[in-house]
Amino acid sequence: MKRSAGSTTRASKRQKVSSATSTNRNQDKEKETLEWPEYFHDLFKVCQSNQLVSSDSFRVFMSLQIFKALNTVLAFVSSHRHLATTFPMIRSSVEGLLKRPLELSKVAELKALLPDVVEFAYIPHSDLRIHGETVSQQNKRSNSPDFTLHSQSLAIDTPSGSRLPGHEEEEHVLVLEFAENFRTTKSGNLVDKRNQRFKDAIDELMKATPEGEVSMDLLQAAARDHIPVNPSAKKALPATDSQSLIIPEPKDRPSIDDILLEIQKQQWYKNQIADRRTFKEKVAIEGLLAEPLSHTIQQALQESRNITSLYHHQAAAINAIAQRKHVIVSTSTASGKSVIYQVPLLKFLEDNSDATAIFIYPTKALAQDQRTALEQLLLACPGLQHVKVATYDGDTPQDHRRTIRETASVIFTNFDMLHASILPHEELWRTFIKNLKLVAVDELHYYSNLYGSHVAQIIRRFRRICAAVGNQRVIFVSCSATISKPSQHMKRLFGVEDVEEIVEDGAPSGKKDYLVWDPPSIKDMDPGVAKLGQSGPMCEAINLVIFLMMRGVRVILFCKIRKACELAMKALRQRLSAEGRLDVLAKVMPYRGGYSQEDRRRIEHEAFSGHLLGIVATNALELGVDIGVLDAVIMLGFPFGIANFRQQAGRAGRRSRDSLAVLVAEDLPIDRNYVESPDKLYNQPMDDLTVDIESKVIIEAHLQCAAHEMPLSKDDAVYFGATLGELCDSKLRKDKDGWYHPHPKFLPYPAKHISIRGADDDKYTIIDITKVGLPNGAPRIIEEIELSRAIFELYEGGVFMHQGLTFIVKEVSHDSKVARLVRADVNWTTKPRDYRNVDAMQTHRIKEIPRSPHRAYFGRVDVTTVVFGFRKIRGNKVLDIVDVDTPPYERQVTGFWFDVPKDLFGLMKEKHFNLAEAIHSASHAWMNRFALSPDLRTECKAAEKEYNKEESQRKRPARLILYDASRKGSVSAQAFDHSGEVLRQAHDTVETCPCKDGCDKCIHSATCSEGNVVASKIGALLILKALLNLDIDANSIATQFGSQGFETIVEATYIRPLDGVRVELG
Ligand SMILES: [Zn+2]
Ligand SMILES: [Zn+2]
């Protein structure tokens, strides 16, 4: 599973095209004149009859003619600096010289051939001032009739070449010019020089073209990436005749069966379907209520939702609630779960108009959707129209809060508000809580790991307050996606026992096809295609998205990370613009976390109202935001776990329609695993969700809050568990009557000291300043991103992507946490060059590993991330390497570590193990056996660094180190307590795992930031054995080939403990 350090083997033809020119750049210009131009001149005469129009030679000739004409025109323009070189203007002049139309695609070819000479892109209108004068001034001049004649046609050209009238105030203009560095000398010989450059480039291209291929086809394909996209074009254009594939209305689309047959007939289909499963359609199973609904509720359901009967699981849940049981329903996406909260609420309100309820959703978007649905239902219910429903979250203005407390019957909120606003002010909420009948917690699977562990304590605080005001009868009802052991999860989270578990899904579902899509490996591709970079998982996914949309299939593309989401959106823009399908482009939108609330609402609305055909999303959309009916889901790369895979797949298909879910495998170990054994996607049990209700650190934090809400006594152990007494005595303050109060250091607001989401709250604000300085142009906040991401995405000169558009980072202030960007339509991206060192700094605790002389250490860990530069990248090609000077991002966290024993270190060196592989895999093996690992991190090893051909000065200690993902985290302390036993479990798992080179059960981690590429199962096993003091037979270990490059790992040095630290028993 090793890759070469660079991906030079994948050099594309387009790269050859460009690199040919760049090697030429510094070459002597004395190169003898090529002979072909004369030959082509003759040829041109011969083939005027158009018989040879498609021949390679003729096309080369035509390109030369275009270039020459362009060169002449631009030379003139640059000697008249007041003329802006917008494409429409240049075009008409060039057309005048050529006596034939100048196609946009031809200019893109020139750009592909000479990317550093030809500048062809949209720029903000305001930037036209670069040429010395504004456009309006230019319009007034007319000292050059040849060229200003068309200057009023500054209207934006669309990629298909037709002009949109009435766009004088367009935000962006398409500029065509030659790079500045070619302007410096006198224009006379400059024209010749440029023409020679062009001929040289053509010559190089032809030389680089393999036997049997057509050089101009390669150029044409490479040019696709250079067709400029107008960032401000919003209007859909009618498709041109040649591409007038009419898209069917989604309701009239072909069946998935037919579409799959059609896919297999495409010339780009190369047996990518590695596995196909078809799940038959399921009919509805209806359920009966033990006690029929009142006439008014029945009527409201029918009127507002067209519901006349209930599914089995809905009826079962309503029946259980009527018996005053707590309920968890775990069924598929879109199985009508909201009815399970709404109907019992209506019944409570009918019985008692003072009844209140709390609805809790993990995201604000979800809460908004559901609030609207509930309001509609109430309005359709005679007698309940007056019931007030309100959102109570962080955005609720202070002066509304009182009215809400006093008048609302139902509030939509979240656990953050419960923790920091409602519980601390329980006296203001007393009436509401006294009348509280129902607490609905949707998407229960969302509450796990560190956040879930905090939520568990918040619910205990909440139950205690309810009981204190005399309300012992609150019912908790929850729904979740399909999870393992739902009732166990609910019992742990809520601390209640009497839970009814409902898992039988009565909702109907259409037929569903699952595909595992294995992109052809580079070596199996047609050389031309592979080298052009028209391959790889991203390309395949984009192909599928376009193919499906063209057939009226509503599709969502899930990407694992934001960057991939933006790149996919950019690729879609490029492809669809190049094909002249702006009508389709107008129906695709990206959606991911980080977008401003306003943007998200707009996208959700567009999606829900059925205007969209395609959505490109990160897992921000995984949590049931209702975006309407989708027909297909495409996952670019295996998502972070089986549960995510199933939830994402569940996004497509409802009721009676057939649907499709496609996993496009990436070239990563985890993905390969599922390509080889696709059964696991459907059969493998899901991991249990983790909630740690024994963590003393978390319990103590919430005891400080609880004591502030109402003094604690030892009787409160019924809520907080057996450690309450010990924690109260050691961490809280006892008064003379025996009540416990918060420790003064947490006052006056203990809740403010606890970050229940753990993650860094610090965010960078991203501001678009493109229009600053223009009339009405103001800076615009487009995003907020976390500090931990900002370091990798915000560096001066870097390309930042937002909604598939590219921006250049102009300025970053790490003090005020603000980045300023300008819109720039560039056709490259940037990738930071960085490293992250995780260093043990101070030992606070030492613990024995049972039956071993080796130890585990716990203490302060410094995490230093340095972005020292970036690469400009287009496709697979690195255009440039740039150094930047950003301050290192340093964090102090807690963590623990094991040092690789010295004897083993020597042995592994002797046997040529790659120690980085072994350490990386052993760390992940340990994490895979520890339940709260999603909140831990390790120093992931990157292929680029470990397999580098040049020696790096950066050497890392031979140490397995794990640390808290969050500065406020406490998981590593718990992990350390179990370090020895988890080590043994990790060893046993790796030793007995039937896989050959590692899999996600043993040494691969779905959260590995470097894709598990640097990995060694046998190396990991040796380290685990050595730490546990198990026998290793040195003679039986084969010599490896792991360490052919430079060793990046050196022996670990001992980290001195603080005074008085004693070795704890294992
Ligand atoms: Zn394995
Ligand atoms: Zn890793």
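1. Start with helix H10 (residues 256-265): this helix lies across S3, strand S13 (512-517) and strand S18 (659-664), and runs at about 25 degrees to S13. Bear in mind throughout that this is a predicted model.

2. The sheet under discussion is open and has seven strands, in the order S3-S13-S18-S17-S14-S16-S15, with mixed pairing. Strand S3 (273-279) and strand S15 (588-591) sit at the edges, each pairing on one side only. On average, and ignoring direction, neighbouring strands here are turned by 15 degrees against each other.

3. For a closer look at one pair, take strand S14 (residues 555-559) and strand S17 (residues 632-636): the two run parallel and are joined by five bridges. Within that pair, Ile556 stands opposite Val633 in S17.

4. H22 also packs on the sheet, where this helix touches S14, S15 and strand S16 (614-617). The direction of H22 makes about 170 degrees with that of S15.

5. Now the helix pair. The axes of helix H21 (residues 537-550) and helix H22 (residues 562-578) come within 10 Å and cross at roughly 55 degrees. H21 and H22 are therefore oblique to each other, and their crossing is right-handed.

6. What does the H21 and H22 contact consist of, by class? From H21 come Met538, Ile542, Asn543, Val545, Ile546, Met549 and Met550, and they meet Ala564, Leu567, Ala568, Ala571, Leu572, Arg575 and Leu576 in H22. That makes twelve nonpolar residues, one polar and one charged.

Notes: Residues numbered from 1 in each chain as written. Chains lettered and ligands numbered in written order. Predicted model: local features only at pLDDT ≥ 70, side-chain atom pairs only at ≥ 80, totals over all residues. Heavy atoms only, no water. Axes fitted to C-alpha atoms, helices over the stretch in contact; angles between N-to-C directions. Helix = DSSP H or I, 4+ residues; strand = E, 2+ residues; numbered from the N terminus. Parallel < 35°, antiparallel > 145°, perpendicular 65-115°, else oblique. Left-handed = near helix turned anticlockwise from the far one by under 90°. Contact = heavy atoms within 4.5 Å. Nonpolar A, V, L, I, M, F, W, Y, C, P; charged D, E, K, R; others polar. Pairing = 2+ DSSP bridges.
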